[in-house]
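Biologist: Could you show me how to read a few features of a protein model?
Modeller: Gladly, let's look at it together.

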Amino acid sequence: RAVDRLVARHSALRTVESPDEPLREAMDRAAAVWQVAASAWGSRSSRVWNACSAAASSGLYACWPRTVMRPASMAQLRLRLVEEMAVPPEGTNPDDFVYSPLSPFRREHRWPFDIFVVAVYIGGGSEGVQAVPVREVAERFPAEKVAWYVYTGVTHAYSDGASGQALLGDLLRFYAEEAGVAAPAPGPPPLEQFAVLQRRLRRSLRGRVAEDDPEPNEDVYHEIACEDWGRRPGTQMRVYLEDSMFRALRYAADDVLGCSIDVVWLTAILGAMYRLFPDRPRIHLILKCGCRDGPGEAEMVGFLSEQRVCEVDVGCPARATLLDVACKIDAVRRSRTWRAPVPYEAGLCVYVNIVSSMLDRLPLGCRHVMKEMAEPTSSWSEAYHMLNLRLDQRTALEWDFRIFHWDAHWGWQWGEYFAAALGAVIGDLCQEPTAPINPPRRQPAAANGDAPIGGKRSSDSGGDPEPKAPRNA
């Protein structure tokens, strides 16, 4: 009953896969081409252009694939139970093991929303413990020896990461009411997310001309054509940080800078870039932002995330400090004064996607379980940006740090230089946030042959060339 109430509340969970779905990429590409043309030749003061813009936007909107939804009265979804209690091997973390019994179900994901429940034995001494039918678990085992995991999956076209709090929060609240644990607390219905998306889509199809100043948090950017333009060979790797680094980041956020952990991560990343490219005073970041500033949008299940450009200019790199960088980033994030990218800008920026976990912010004492990300299967990939980073929070302290790609022109060993510079910046954030970003004492000895943090090799005895600064980075 709780699942049915959840599906009835959020229209994104009631969508029906229609034959028009394969057309979405083609229409997005057409909108991207029109967006580029509007930026190049558009003018709101021209009557001819306004007439052409109205005709083009109306035509694109008329051809846009429609989304079909079932009515709320037909909102029924069968909860899927793993038939037997899962018993992890001795010494295995249940949070990591739970994905094993879920694997067959995840391969048969129901579109657009699916939900599974699995019971996992956590009582210790699993040897000799028999897997019993899930319906008998509550009768045969005390509550403290069994953990119940709820796994939900939503088609990404209709849900972003910021939707998780609304989705699981509503599900657990409805469960508590149906189980009699909590009294019903009726609240206002959420906004219709497709109406919000429709309004943003219509505005974007008008074309963004040079004199326009679009609302930064209600503007859709069709980036697919521009991303293809920026594609080139790239290299990828995963960066492992010790627990001491994570503790240093948390210390810098809470006790040194007094800001969020996201700001500290961005400051450390930019500090490493300024040390690797010390002659560049300006870096353009592209952040994946949850554009949910409107009334009721935070409680919606929908895809409302957009790419936004955050420009960080330190002026004189020789005098700038890490505290300067942190203050500039924090000011932009608090005021939300970023902007949508202009055509072909994304390929010249540093892309950072920070995915925070809900941790313990869920009802009924539940917590968000994050799986550790796998190693990349290859060292080579296609690059769409100068540098593309993905950070996934796994616990209150630990993060997965992955470099999805960097420009192969920078050299094979550039990732190692970046990792070393990142670690040094994290240490300075704790000890000397007001010191210059590129202190002279950081230059390594010429005998070791390693790349100094300033980005210039101290040994010319062969090896990979030094990484070159990206254009307009």
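**Cavities, helices and a salt bridge**

Modeller: Keep in mind that this is a predicted model. Let's start inside: the second largest cavity has a volume of about 30 Å³.

Biologist: How many cavities of 30 Å³ or more are there?

Modeller: The count is two.

Biologist: Which residues line the second largest cavity?

Modeller: Its lining is made of Phe246, Leu249, Arg250, Ile261, Ala396, Leu397 and Trp399. Sorted by class, six of these are nonpolar, none is polar and one is charged. Helix 10 (residues 243-257) contributes the most to this lining, with three residues.

Biologist: Which residues make the contact?

Modeller: Helix 10 brings Met245, Ala248, Leu249, Tyr251, Ala252, Val256 and Leu257, while helix 13 brings Gly423, Ile426, Leu429 and Cys430. By class, that contact has 10 nonpolar residues, one polar and no charged ones.

Biologist: And how many salt bridges does the structure hold?

Modeller: It holds 29. In one of them, the side chains of Arg292 and Asp160 meet at 2.9 Å, N to O.

Biologist: Where do Arg292 and Asp160 lie?

Modeller: Arg292 is in the loop between strand 7 (282-290) and strand 8 (305-313), and Asp160 is in the loop between strand 5 (146-154) and helix 7 (163-178), so the pair ties together parts that are 132 residues apart in sequence.

How values were computed
Residues numbered from 1 in each chain as written. Predicted model: local features only at pLDDT ≥ 70, side-chain atom pairs only at ≥ 80, totals over all residues. Heavy atoms only, no water. 1 Å grid on protein atoms, 1.4 Å probe; cavity = no way out; pocket = protein on both sides within 12 Å on 5 of 7 lines; lining within 4 Å. Points joined across faces, edges and corners; volume = space filled by probe spheres on them. Helix = DSSP H or I, 4+ residues; strand = E, 2+ residues; numbered from the N terminus. Nonpolar A, V, L, I, M, F, W, Y, C, P; charged D, E, K, R; others polar. Contact = heavy atoms within 4.5 Å. Salt bridge = Lys/Arg side-chain N within 4 Å of Asp/Glu carboxyl O.
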